[in-house]
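Thank you all for coming.

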Amino acid sequence: MKRPEKSLAFTFNGVRIEAIEGQTIAAALLASEINVLRKTRLKNEPRSIFCGIGICWDCVVTVNGVTNQRSCLIEVVEGMVVSS
Amino acid sequence: MIAIVGAGPAGLSAAVAAAKLGQQVILIDSSPRLGGQYWRHLPSNWGVGRPPYFAKAQELFDEVLSNPLITRFSNAHVWQAEKKAEQFNLYVVRNGVEEIVKAEKVILATGAYDRALPFPGWDLPGVMTAGAAQSMLKSHGVLVGKKFVIAGTGPFLLPVATGLAAAGAEVVGLYEANNPLRWILNLHGLILNPSKIREGIYFLKKLRSLGIKVHYGKEIQSAVSDGVLVDGKKIECDTVAIGSGFVPELSLAGILGAKLKVGADGTVVVDVDQNQQTSIPGLYAAGESTGIGGSSLAVLEGEIAGSTRKGKRLARWRAQVFATGLQRVYPVSNKWQSALTPQTILCRCEEVSLADIHGAIDELGAQDGRSAKLFTRAGMGLCQGRVCGRNVSEIVACHLSRDLTAEERINTAQRPLAAPISLGELGDGLEKNF
Amino acid sequence: MTSQNNFDAIVIGAGIVGATTSLALTKAGLRVLVLDRGPVAGGTTGAGEGNILVSDKEPGPELELALMSRDLWFELGDDVGDSFELEAKGGVVVSRGDDTALRDFAKRQQSAGVNAQLVDGNELRKLEPHLAPGMNSGAFYPQDSQCQPMLAAAQILKRVRERGGIVKTGTMVTKFVIVSNRVKGVETSEGIFNAPTIVNAAGTWAGEISKLAGSFLPIAPRKGFILVTAPMPQIINHKVYDSDYVANVASGEADLQTSTVVEGTRSGTILIGASRERVGFDGSMNIDVLRRLAAQATSLFPILRDVQLLRAYRGFRPYAPDHLPVIGEDSLIAGLWHSAGHEGAGIGLAPGSARLLTEQITGRSSFMDASPFSPRRFQGGSA
Ligand SMILES: Cc1cc2nc3c(=O)[nH]c(=O)nc-3n(C[C@H](O)[C@H](O)[C@H](O)COP(=O)(O)OP(=O)(O)OC[C@H]3O[C@@H](n4cnc5c(N)ncnc54)[C@H](O)[C@@H]3O)c2cc1C
Ligand SMILES: Cc1cc2nc3c(=O)[nH]c(=O)nc-3n(C[C@H](O)[C@H](O)[C@H](O)COP(=O)(O)OP(=O)(O)OC[C@H]3O[C@@H](n4cnc5c(N)ncnc54)[C@H](O)[C@@H]3O)c2cc1C
């Protein structure tokens with residue numbers, strides 16, 4: 001598969017991550033081998049993507065200060081600040 | 001004006017059929033791209049080869065994008081709907097801003113999502129639905145693991161397994177809970193649909209050439225961080241892709257008051273007539289929301305809903321016979337519950353375990369899914385029970401040694417909001433004079 | 001007729017009122033049967049919020065009941081164990097403009113025994129740092145509390161069973177057995193049960209139960225919506241509401257009223273309630289109501305603008321024409337007792353109502369004058 005250039009960058013928990021235009025936050029993180037997207041509220045268990053299509057809300061992150069955003073739906077925008 | 005919700009195979013073909021009759025169409029979908037759950041594809045700059053179904057998909061994409069009668073709303077979530085004086089109002093949050101779409105006719109083509117059955121360890125990172133693994137690959141070119149186990153039931157696992165392997169993943173096994181030999185008892189479904197036989201043979205060959213071993217009648221018992229347990233034996237892998245059929249997305253149908261019904265396998269679907277019209281005049285439904293039957297049936301239903309033409313009814317009937325066969329050959333029995341331990345999380349959002357649900361029944365007097373939810377918060381979290389609702393109500397019924405009623409099943413498929421909306425947007429609606 | 005179908009008292013309704021009443025009766029030594037056509041807390045108790053408020057009540061019999069009830073909640077908490085999220089969270093009432101009404105109201109409550117503390121803008125912001133600017137006056141009510149009402153009803157009924165009572169869910173009362181204007185028992189979908197004392201705790205459906213018994217109670221539904229947000233870290237510390245909420249609560253007008261109470265819950269979600277409409281049992285979604293609630297909540301707390309609404313649900317409050325609960329013996333049918341019509345305060349008032357009714361049933365002297373709550377006020381006859 002011929003991959004286009006990673007032309008975008010954002011930060012996840014302070015770390016710079018590169019992404020291909022059109023990729024969702026979750027896709028870019030998984031492509032960078034970051035599997036744990038957050039810890040659960042009650043038992044502090046690690047979670048990753050689960051349904052991949054916006055149904056299960058397991059992959060939620062904080063995007064530019066807004067909490068509970070589904071990282072599998074939101075496409076990366078240059079300079080985005082994302083955290084668990 | 002016709003408003004269509006969902007731009008998968010059903011919504012796309014409905015839009016094209018309606019526009020061909022000269023009608024104005026608004027096609028609304030929550031994702032940025034056309035295609036829905038299955039007709040996903042990488043942007044053309046990836047220069048990848050197209051899958052076999054692509055001809056039909058491309059034809060519909062081209063028509064939707066070029067026909068001036070069709071307006072596209074992407075990144076647009078219909079969160080609420082109502083019918084007032086022969087007119088439908090759809091409330092849509094598009095790119096974060098709420099607007100209203102008014103239409104005399106609405107076609108719901110909201111599709112379905114994978115049904116995931118819980119087992120110990122299903123909440124670990126690395127365990128995901130087959131649809132998740134597939135959509136990461138097909139829409140983003142991301143292989144989410146190196147070494148996969150695929151498990152669950154149904155023919156939809158085949159394209160997932162072969163797709164991952166073809167993209168370079170190692171698929172160490174496909175565990176199919178049922179046995180496709182059951183098709184022998186449902187031969188008419190195949191005979192009426194020779195293309196499905198060809199598809200089956202295609203996938204069997206592909207599995208063999210990719211070296212994927214299929215184990216029939218087998219289920220995963222549990223998952224740990226580096227593998228799964230099947231029949232007491234550990235199979236090493238880093239990723240598990242699971243799917244046991246599909247759950248239709250019915251929120252909007254329920255909000256608009258359309259009659260829902262329970263299929264032979266317990267799946268709740270929208271009840272439609274010959275023209276795909278629901279019990280609400282002017283409200284139509286097509287695709288997986290009316291029953292799980294694959295993309296070719298979804299396309300036919302979309303065409304009928306969009307044009308109310310009679311020509312396609314025979315073809316639809318044939319595809320429906322196949323869909324009924326699917327339900328019979330790949331049923332989900334209550335056997336999955338035997339894998340659960342008291343600690344197994346059932347509601348992933350609110351982290352409610354099997355022991356919590358049993359406690360709600362035995363000690364607090366919960367009698368159904370709703371009261372189990374009120375006492376434990378199972379289904380009250382972010383996903384609003386989309387993942388756990390059906391599983392929890394089946395567990396409650398099983399624990400009380402009874403069957404689920406149709407009404408209970410229909411309740412688990414309904415939710416008052418079809419998508420979330422921010423409080424700010426919601427309140428601002430007061431000034432917009434919708 | 002077997003003795004296992006004979007009880008000292010039958011309570012109809014396994015909502016919060018039926019639950020607390022059956023525990024009080026059990027503790028008074030009666031053998032109690034609780035009947036509900038649905039599951040535990042499947043009625044209005046499972047469709048409301050769990051505010052235990054004194055702050056919203058005018059001095060008078062309801063406030064007196066509320067003050068007793070609030071203390072009894074904490075006794076119940078000790079008895080049943082902290083298993084239903086009981087918390088003395090405190091209420092904050094804010095005023096946006098002229099605060100004369102709020103101040104007068106708080107002063108009158110103070111003389112009725114309520115702990116009401118007038119606060120200025122600085123103190124308000126210390127209590128609730130995220131309040132919108134421009135709110136310069138308010139009142140703090142440390143007694144205001146909350147619980148999770150479904151769990152409370154279930155845990156209290158569990159205690160009733162532990163003490164020998166019987167709880168039968170899925171059992172619909174269809175008929176009364178009445179001999180010379182005195183109750184003897186009820187017929188249900190699961191058979192006949194006998195008792196000389198029957199308590200109608202059927203909430204919004206208490207009027208129908210009275211009718212079954214050949215009597216009459218004017219209890220009607222008043223619809224309310226509540227918004228539920230996605231869970232988030234705690235940003236709101238108390239139950240916070242606008243001073244015009246109280247005017248709404250006491251109003252009898254049918255058309256829509258919304259005035260917001262915003263509160264965080266232990267689970268992290270924020271609840272925003274509630275609207276009041278008299279539209280019978282029409283359960284349909286009213287999008288405009290949701291918008292008004294959201295607009296009011298975000299005008300109190302602008303930080304909520306980005307928070308996602310996950311769900312909205314509705315319930316039907318049981319209300320009587322004079323907005324007071326009905327607690328006492330029927331004036332037409334002997335042995336039939338009512339505790340119903342608690343409108344938007346049934347959770348808060350439940351333990352107090354249970355005590356008041358139990359004292360009357362067992363012939364003990366009451367902690368307060370029960371006559372304002374007597375069913376006789378609607379049934380002709382003197383209190
Ligand atoms: C893993 C997997 C493998 C599959 N393999 C095959 C296969 O090999 N062969 C086959 O024939 N079929 C396959 N399918 C099935 C295929 O997905 C369906 O047959 C087809 O997608 C159904 O089309 P649809 O138009 O009904 O719905 P979908 O394609 O699901 O489209 C529904 C659309 O509606 C949108 N939507 C829903 N609610 C709202 C709302 N409130 N507001 C806005 N938009 C909304 C969704 O975002 C979605 O884009 C597979 C499915 C999966 C998940
Ligand atoms: C939106 C909203 C918000 C609210 N917020 C608050 C709040 O914050 N604080 C507060 O104190 N109160 C609040 N309330 C009010 C409170 O919920 C009610 O006053 C209270 O739940 C009434 O309890 P109940 O036990 O009388 O009735 P219910 O809980 O309705 O119980 C009555 C029971 O009787 C049963 N029943 C009826 N008919 C029969 C029959 N024929 N046979 C057998 N069983 C029968 C029903 O199934 C039901 O379970 C709110 C209400 C609403 C709607």
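Strand β23 of chain B, residues 421–422, is joined to β17(C) by 2 bridges, and the two strands run antiparallel; strands here are DSSP runs of E of at least two residues, helices are runs of H or I of at least four residues, both numbered from the N terminus, and two strands pair if DSSP finds at least two bridges between them. Within this pairing, B:Ile421 stands opposite C:Leu309 in β17(C).

Before I go on, please keep in mind that this is a predicted model, in which local features need pLDDT of at least 70 and side-chain atom pairs count only at pLDDT 80 or more, while totals for chains, interfaces and linings use all residues. Residues are numbered from 1 along each chain as its sequence is written, chains are lettered from A and ligands numbered from 1 in the order in which they are written, and side-chain values use heavy atoms, with hydrogens and water left out.

Turning to the whole interface, chain C and chain B bury about 3100 Å² between them, 62% of it on carbon and sulfur atoms, where buried area is the accessible area (1.4 Å probe) that two parts lose on being put together, summed over both. Of the area that chain C buries against chain B, 23% is supplied by C:Arg291, C:Leu310 and C:Arg311, more than by any other three residues. In terms of contact (heavy atoms within 4.5 Å), 38 residues of chain C and 34 residues of chain B take part.

The rule finds 3 salt bridges across this interface, a salt bridge being a side-chain nitrogen of Lys or Arg within 4 Å of a carboxyl oxygen of Asp or Glu. One salt bridge is between B:Glu363 and C:Lys158, at 3.4 Å from N to O. On the side of chain C that touches chain B, at least two residues each come from α5 (149–162), β13 (220–229), α8 (287–300) and β17 (308–319), and the largest share, 8 residues, comes from α8(C).
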